[in-house]
Amino acid sequence: MKPILNIRATDGQQRSVDLSTMPSPVVIGRDGELSQIVVADSQVSRAHCVIGREGKLLQVEDLGSRNGTLLNDKRVMKAVLRHHDVIKIGGTAIQIDLVAPQGDDPLIGKRLGGFELQSVLGKGRYGTVYRGVQVALGRQVAVKVLGVEYRSEPDKVQAFLTEARRAGRLNHPNLVQVHDVCQVEEHYLLIMELMKCSAADQLRQQGKLPEPPVLGLISDVAKALGYAESQRLVHRDVKPDNVLVNEEGVYKLADLGIATAIAADGQAHQERTFGSPHYVAPEQARGGAIDGRADLYALGASAWHLLVGAPMFTGSTRQIVAAHISTEPPDLEELAPELSEGMVELIYDLLAKNPDDRPENAQAVAKRVDELAKQSSEPTTQRPRIRRRMRRRRR
């Protein structure tokens, strides 16, 4: 794999460095005579850290710097680097992307219109998402390119463009921003805000997540869903892969372009069953009419996966969907005994089989999370949870 360093300086300027084009090891610092990669940051030492290979592993090592080298916010002397890891030296952040060699993807290194594609970030329903640079502005962006297998299908092209334009009309701090949609030669491009990684990436890299960041994720996504409700939309595919996080730790919901509209009767009428099996609400799995509370169920199922490290139900797709419809969730207290009572209660309420037993709307969820955050900052005593277990059995 080819290592790419995506460097964000203290002034917000960003640049990318392909380590495979440089002799290894590579010293990073602020002195041009001592360092191969120079960072203009007064908090960075003259020769701050070095990145090199030990066998097949890429590693970073601190060189006795004044302010230390942080890897994913933890101070290290020497550590192995993995895809999407973030090194912080002084006020400068350096994200590591381990990408396939250019020959494996003909678009890597190519310029489409004003956008240069640098590496693959992931693959979606209709195509591949690349890390790119908007050359004229020097701005790093995410570029989704419609798959070659769909370009000859007018309905797929139209769906791609319709979803992109719909998403571009939406604007909220907790939605991934769509900048543009365009056609360059035979390619169809969706230009989006570049994010650090997805919640699913965090799960793969770190294992199950602790309660505080998941509480923040629920809050941020609930705010995005509240905005969707105000626009009379149901997302229909809330899942860890569609929840992205930026360098500041803010979670944002992606792919709102696939949302369906809520009709005058307050329901979204599905032409077909939609959603991901591990997170689909019972009423959505049945193919009936849904509203924003289906997204709240999916948010609860996503939070469960992140907190436990595994989805609620396993098996074939048919078995998983059937379980969402008719099987009560396992005991969350046994699977994650470290969780607060308030978090457990919230997750179970989001996962109620009957939409009427869930929180009324996303705004109510966001308000409840705020209350939980306040409680967690105050000293509390452990209270018995027998009442909650009995209440759940009666449902």
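Mentor: Let us begin with a definition: two strands are said to pair if DSSP finds at least two bridges between them. Please keep in mind that this is a predicted model.

Trainee: How do you know that strand S20 pairs with S21?

Mentor: Three bridges join S20, residues 243-245, to S21, and at least two are needed, so the two strands count as paired. They run antiparallel, and within S21 it is Lys252 that stands opposite Leu244.

Trainee: What makes S18 and S21 the edge strands?

Mentor: The open sheet has three strands in the order S18-S20-S21, with antiparallel pairing. Strand S18 (197-198) and strand S21 (251-253) each pair on one side only. Helix H3, residues 211-230, packs on this sheet, where it touches S20 and S21, and its direction makes about 35° with that of S21.

Trainee: Why is Cys49 called buried?

Mentor: The relative accessibility of Cys49 is 0%, and buried means under 20%, so Cys49 counts as buried.

Trainee: How many disulfides does a search of the whole structure find?

Mentor: The search finds zero disulfides, the cut-off being a pair of cysteine sulfur atoms within 2.5 Å.

Trainee: Which residues of H2 are buried, and what do they pack against?

Mentor: The buried residues of H2 are Ala199, Ala200, Asp201, Gln202 and Leu203, and they pack against S18, H3, S20, S21 and helix H5 (292-308). After H2 comes Gly207, with a positive phi near 80°.

Trainee: Which element gives the largest share of the lining of the second largest pocket?

Mentor: That share, three residues, comes from H2. The second largest pocket holds about 650 Å³ of space, and of its 23 lining residues the closest to the centre are Asn72, Asp73, Lys196, Gln202 and Gln206. Strand S10 (86-89) and helix H2 (199-206) are the elements that give two or more residues to this lining.

Trainee: What makes a space a cavity and not a pocket?

Mentor: In a cavity a 1.4 Å probe fits but cannot get out, whereas a pocket is open. The search of the whole structure finds one cavity of 30 Å³ or more; the largest cavity holds about 40 Å³, and its lining includes Arg236, Asp237 and Tyr279.

Technical notes
Residues are numbered from 1 along each chain as its sequence is written. This is a predicted model: local features need pLDDT of at least 70, side-chain atom pairs count only at pLDDT 80 or more; totals for chains, interfaces and linings use all residues. Side-chain values use heavy atoms; hydrogens and water are left out. Helices (H or I, at least four residues) and strands (E, at least two) are DSSP runs, numbered from the N terminus. Contact means heavy atoms within 4.5 Å. Axes are lines fitted to C-alpha atoms, for helices over the stretch in contact, and angles run from 0 to 180 degrees between N-to-C directions. Buried means under 20% relative accessible area, exposed over 50%, partly exposed in between (1.4 Å probe, protein chains only). On a 1 Å grid over the protein atoms alone, a cavity is a set of points where a 1.4 Å probe fits but cannot get out, and a pocket is an open set with protein on both sides within 12 Å along at least five of seven lines; lining residues have an atom within 4 Å of a point. Grid points are joined across faces, edges and corners, and a volume is the space filled by probe spheres set on the points.
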